[in-house]
Structure formats: structure tokens, C-alpha cells
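Here is a short report for a first look at this structure.

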Amino acid sequence: MFVLPVLFLYWSFFRKNKVAQNVLLLASSVFFYAWADWRFLFLLIASIIINYYLALKIRKEVDDETKQRRFLYLGLVFNVGLLLYFKYFNFFYESFVELVNVFGITSSYTTLAILLPLGISFFTFQTLGYLIDVYNEEIDPSHNFLEFSLFVAYFPKILSGPIERASKMMPQIQERREFSYEIFVDGLRQILWGLFAKIVIAENCASIANPIFDNFEGQTGSTLILGAFFYAIQLYADFSGYSNMAIGVSKLFGIQLMRNFSTPFFSTNISDFWRKWHISLTTWMMDYVFTPLSFSLRRYQKNGLIISIIATFVLVGFWHGANWTFVFYGLLHGIYFIPLVYSGKMNSSEIVAKGKLFPSIIEFIKMLLLFVLIMLTDVFFRANSIKEAINYIVSIFSYDIFSIPQGMFSSNYMITIFLLFIFFFIEWNNREKKHDFEIKNYNIFLRWSSYIFLFLLILFFGKSSETFIYFQF
């Protein structure tokens, strides 16, 4: 409901002037963030102001590399410092105390009650990338505070991304947006698909996965497999659903955000998977962590490449949260790249069965095996501790792994499997397109039949949800 009045004002009273459009969007973004959690609005404003002036200083000292680097380091310390304090302070504190206890030094401690600002992992990475790009002279710093503020605080992406690049988004902000019926309608399609993915697919999967994970001890191995299966899809549908809605809403205002998911479960190797999963984070890490690190370790050849990959994915995991489970999650994904590095296939990426109706048997087996690997690794993403995740996975491979899962033939299971078939059928048919529900080339009867069909599925099978999984990051 928040979007509708803003949209009306935007295309009626503010459409003729770029500045007016930006003022409305920024005011709406500030209101949106304050409404979500007003306590940290000052932090967002401070981040905008400091990064805006640091970028200008970096460019001003272009002839003095020492001063230029000093301002860059100041920006890195400020932005990384925000994350370290608000997101990781208690984690490091507790880990230090536990390490000290290993050496027989016991001590009591109390953690600080630090609240996590909404979207801090996303807007902090966006401003970090902006400063680095200015320092590397890949972009010019913005001299317009209004435009830069909107770039950081833009409400469709502030809470959970995508993590946008200034080189792609700033040019759109710097020009007046003109109404495009085609882009507007495509945005509505993406919103519809995102809603379906979130409240139908993710929430129905959650209704099965959550009880299994919450009480996994004593469950049969086959039931635990189903729990891991439905959670892997829940995680994907939840975050991709949000991303599609955010991208769709942004299209309504004439601003194109980057694609964040590209049918990742139709990948045949781990490298291809990460080119299609959380694309904005992956590309950020590749550009600002992996590339400079691998360059500095290039003399170690493949071993240096492996170290760079593992270090990058440990950071990818750690970005998600202050828990060793996320670190281990990232470590495992980095390790999965090792066979690709030694086989020389790390950069292999392709659309499966391109131009064909079905994949080959080899492609299908590769997709299936990769999905199983991802599914088991996601247990660490879901678990409260590494020990809990290992116990869950070990319990899968028990004597009753081939038994009939508990509740397998209940109506909830059957309906969810039916919905998953529809979900992946549509994704498969649109895997070569710009997003999962791009059906603009269908005839009018098929288009409206698809809209009505999804709407009815949302109406009859949608379940209420309090939040998105990635809001906690």
C-alpha cells in the first residue's frame, strides 16, 4: 500500500522534472526506512553524508596518491567498522572468551545488547564499492548530494538488495525517468512472480521444513532429507521472491535494478551456480575481494587461485551473519571449487539445454548431484551451530534413510510438491530470459491466463509471513 500513493504522485505531479522525481523518491525512502526501524535512520544518514564527502576528497586528491589512499582507508575503516560493531562485535567477543577458556582461563562475561540496523550489510557494501570505484577512477564521484542519497537509500533495495553499482544506477538517477508501458507492465509481472515465490512456495516449504529442523532428533533419515530439500527451496524462493519484488517495484518508477537470481538450481557446477545465485553479492566479492587477492597470489598459480577462492567464499559466508555456521557454509562452497580449478573448468557457465525442451541425461545428473550438494550445505545455513548441522546430516545417513518419510502423503506435502512442480516448470521455460516470468511474447490469452492462474494460486495456497529470511542480514 505504501507504493501506490508514491507511484501516483511520481507519474502525475512529479514526472516532468528529474529533481522533483528524486526528491519524492528520497523522501519516500527515508520514510520507508524510518517506518521499518526509525532508531537507525541517523546511522543511514550519517553513512550517506560521510561516504559522499569521502568520495569527493578521494577525487580531489587525484594528484596526491598518499592523501587519496588515506581517504580511501578512512572510508574502509568507517564502513567496515559499522559492520564489525553492529553485526560482529558480540561474535568476536564470545569467540575470544571461548578461545581463552581453552587455555584454562575461565571468565564470566556479558554480551552487549546491540541491535542490528536493517539493511546494513547491503547499503554498507554498496557505499564501499562506490568509494573503491572512485579511487580506481572507474567512475566519477557524484557532486549532487540528492542523487547520491537516493543511490544509497532507494527504498526498493535498501533492506535486502540487490547491492547496486554506481556505474549502473547513478546514470538512471541523473536523468528524468519517462513512463514506459512495457517496463511498467514487466515490473508488475515480476512483482506477481515474487509474491508467488514468497508466500506460496517459500511459506509452504517452510511449513514442512521448520518443524523437521526444530525437532530433528528422533526423525527418520528420509524425513530429514525432505526437511533439507524443502529448506533449500524455501531459502531460494524467499530471497529470490523478495529480489523479484524489489526489482519489479523499481521498474514501476522507471529504474532498472540488476538481476539477483538466474535459475541457479539449473546449474551443472558450483561455479555456474554462484554466477546465478545472489548475483549482486557474488559479483561484488569477485570484483573487490577475489580479483585483487588472486592477482597478489598469482605467482602461486593454481594454489594461489584456490586460496583466493576459499578466502572469498569464507567472507561470503561471514557476510550472512555472526555465526561459525555461516563461516563454515562459505568455506565448504570455496572447497567445492577445487576440482574445477584443477580441471581448468572454473569459468564454465552456460544455460542448460539451451534451445532445447529437455536436458541431456548427463546434464540432468549434474544438476541433481549439485542440488544435493547445495541442499546438504544449506543445513549449515539453517542450523544454530556447526555441531547441530553435523548431527542433522549424520542422522540422515541412518538405517531408516530409505523408509517412508513421516507425513509424506499428507495433504500439505502433496500440495507443496504440486506447487513446486508449477514453480520449476515456469522457471525452466523462462531460463533463457531476463527474468523468471518474462512472458511478454506470449499471446494475450496465454498472458492473462498465466496472471489469473498465479493470482488464484496466491489466493488459495498463499500463507502469511512476518518477514523475509534475508532481512536478518
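## Helix H18 and its neighbours

The buried residues of H18 pack against helix H9 (181–214), H10, helix H16 (361–382) and helix H19 (444–461). Buried means under 20% relative accessible area, exposed over 50%, and partly exposed in between (1.4 Å probe, protein chains only). Helices are DSSP runs (H or I, at least four residues), numbered from the N terminus. Among the buried residues of H18 are Leu419, Ile422 and Phe423.

This is a predicted model: local features need pLDDT of at least 70, side-chain atom pairs count only at pLDDT 80 or more, and totals for chains, interfaces and linings use all residues. Residues are numbered from 1 along each chain as its sequence is written, and side-chain values use heavy atoms, without hydrogens and water.

## The core

The largest nonpolar core has 150 residues, and Phe196, Ile201 and Phe253 touch the most other members. Such a core is a set of buried Ala, Val, Leu, Ile, Met, Phe, Trp, Tyr and Cys residues joined through side-chain atoms within 4.5 Å. Beyond its neighbours within four places in sequence, phenylalanine 196 is in contact with residues including Leu419, Ile422 and Phe423. Contact means heavy atoms within 4.5 Å.

## Charged pairs

The count of salt bridges comes to 15. Each has a side-chain nitrogen of Lys or Arg within 4 Å of a carboxyl oxygen of Asp or Glu. Glutamate 147 pairs with lysine 18 in a salt bridge, with the closest N and O atoms 3.2 Å apart. Glutamate 147 lies in helix H7 and lysine 18 in helix H2, so the pair ties together parts that are 129 residues apart in sequence.

Technical notes
Helix = DSSP H or I, 4+ residues; strand = E, 2+ residues; numbered from the N terminus.
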